[in-house]
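Colleague: Could you walk me through this model and the terms you use for it?

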Amino acid sequence: MIGVGTQDGYAKAQEFVARHRLTFRMLWDRGFASWNGFGIQGQPASILVSTDGRELKRWIGVLSNEEHAEVLRLAGA
């Protein structure tokens, strides 16, 4: 899993990671190239991408417990 931060500045992104005790890698996109590339228009958004770069599924909004389970199942976790 990789998170992408793109709003509010890098310091705010670091605070978010610390506050939520995130353990996955976070990348910083100072523009919106990542959002534009995936067609994301708001947050939160989750996109499962295969190792060869194909989009497998996307979720818009906060994930429910069932959606979390689906992400793990689809990711083979």
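Predicted model: local features only at pLDDT ≥ 70, side-chain atom pairs only at ≥ 80, totals over all residues.

Modeller: Residues are numbered from 1 along each chain as its sequence is written, and side-chain values use heavy atoms, with hydrogens and water left out.

Colleague: How do you know how many helices and strands the chain has?

Modeller: Helices (H or I, at least four residues) and strands (E, at least two) are DSSP runs, numbered from the N terminus. Counted that way, the chain has three helices and four strands, in the order β-α-β-α-β-β-α.

Colleague: What makes a residue buried, and what percentage of the chain is?

Modeller: Buried means under 20% relative accessible area, exposed over 50%, partly exposed in between (1.4 Å probe, protein chains only). By that cut-off, 17% of the 77 residues are buried.

Colleague: Why is the largest one called a pocket and not a cavity?

Modeller: Because on a 1 Å grid over the protein atoms alone, a cavity is a set of points where a 1.4 Å probe fits but cannot get out, whereas a pocket is an open set with protein on both sides within 12 Å along at least five of seven lines. The largest pocket holds about 1,500 Å³, a volume being the space filled by probe spheres set on the points, joined across faces, edges and corners.

Colleague: What makes a residue part of the lining?

Modeller: An atom within 4 Å of a point. There are 37 such residues, with Ile2, Gly3, Val4, Ala45 and Ser46 closest to the centre. Strand E3 gives the most, five residues.
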